[in-house]
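Trainee: I would like to learn how to read a structure. Please show me one and take me through its features.

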Amino acid sequence: MMLFGVVFVKKSFVIGSDAFTRVDPTHWTLDVGRTAGASYHDVRDVCLFIPEGNLLDNSSCLVVYVQAGNSTWEYRGSVSNAAPSEVFPLQWPLNPDGSLPPNAQIGVSVEPIADTVGKEQHVVGSKEEFAKRVAMDLFRYMESFQAATAISAEQMVVPLNILDRWFNKFQDKFRRDPDFLTRAAEKS
C-alpha cells in the first residue's frame with residue numbers, strides 16, 4: 001500500500017513511498033539523482049501527496065525535507081488530511097563556497113501538525129522576503145531612469161512603459177537563473 005507519493009514536477013512520474021528507503025516507522029529518504037533520472041539540481045519542485053484519506057490521523061502531517069551533500073535537513077513543507085497535496089520548491093542547499101554538492105535527497109516524515117506551525121511561519125517569512133526582493137529589483141530598475149530626469153528627491157519620473165520593460169527584463173533574468181534574487185541577497 002502506498003502511504004504517500006511524490007512527483008518531481010516536469011521530471012518524473014509518481015514515485016510511491018515504496019521507492020523510498022524507510023529509516024524508521026515515521027521517516028523515509030529518497031536519492032533524488034538516482035530516482036529522478038536527472039541531475040538533482042535540475043529538479044526544482046516536488047509535489048507531495050497522500051493518496052487516500054485517513055491514512056494519517058487528524059493531528060499528524062507528512063513533512064518534506066531536503067538535504068544536499070553534508071548539509072543539515074531543511075524543511076520545505078507539509079501535507080495533511082485537510083490539505084492532502086502541495087507543490088514545494090526544493091531550493092537545494094549549496095556548499096559553503098556556493099557550489100552544488102554531488103548528491104541530494106529528500107526526506108519525508110510523519111510529525112504532529114502542531115510541530116510544523118513554526119516551520120510554516122519561517123516559509124511564509126521567506127516568501128515575504130522574496131516579494132521584497134522582487135519589489136527592490138523593480139525599484140532599482142526605475143531608479144536607473146532617475147538620473148536623467150532628476151526633479152526632486154521625493155518624486156520619480158519614469159517612462160510610461162516602465163513596468164513592461166522591467167517585467168520583460170525580469171522574466172529574461174528569471175528564465176536564465178531562477179535563483180538570481182536569492183543568490184543576490186545571500187551575497188549582500
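This is a predicted model: local features need pLDDT of at least 70, side-chain atom pairs count only at pLDDT 80 or more; totals for chains, interfaces and linings use all residues.

Mentor: Residues are numbered from 1 along each chain as its sequence is written, and side-chain values use heavy atoms, with hydrogens and water left out.

Trainee: What is the mean pLDDT of the protein chain?

Mentor: pLDDT is the predictor's confidence in each residue, from 0 to 100. The mean for the protein chain is 84, and 86% of its residues reach 70 or more. Helices (H or I, at least four residues) and strands (E, at least two) are DSSP runs, numbered from the N terminus.

Trainee: In what order do the 4 strands of the open sheet stand?

Mentor: Strands of a sheet pair through backbone hydrogen bonds, either parallel or antiparallel. Two strands count as paired if DSSP finds at least two bridges between them. Here the order is E2-E1-E5-E8, with antiparallel pairing. E2 (15–16) and E8 (85–89) are at the edges with a single partner strand each, so one side of each has no neighbour in the sheet. Strand E1 (residues 5–8) is joined to strand E5 (residues 45–49) by 4 bridges, and Val7 stands opposite Cys47 in E5.

Trainee: Which residues touch the most other members of the largest nonpolar core?

Mentor: A nonpolar core is a set of buried Ala, Val, Leu, Ile, Met, Phe, Trp, Tyr and Cys residues joined through side-chain atoms within 4.5 Å. Buried means under 20% relative accessible area, exposed over 50%, partly exposed in between (1.4 Å probe, protein chains only). The largest core has 26 residues, of which Phe8, Phe20, Leu48 and Ile106 touch the most other members. Its largest share, 4 residues, comes from E6.

Trainee: Which residues of H3 are buried?

Mentor: An α-helix has 3.6 residues a turn, so residues three or four places apart point the same way. In H3 the buried residues are Ile162, Trp166 and Phe170. Their arc, taken from the directions from the helix axis to the C-beta atoms, is only 50 degrees, which puts them on the same side of H3. The face turned away from that buried side carries the exposed residues Asp164, Arg175 and Arg176.

Trainee: How many disulfides does the structure hold?

Mentor: A disulfide is a pair of cysteine sulfur atoms within 2.5 Å. The structure holds 0. Cys47 is buried at 17% relative accessible area, and Cys61 is buried at 1%.
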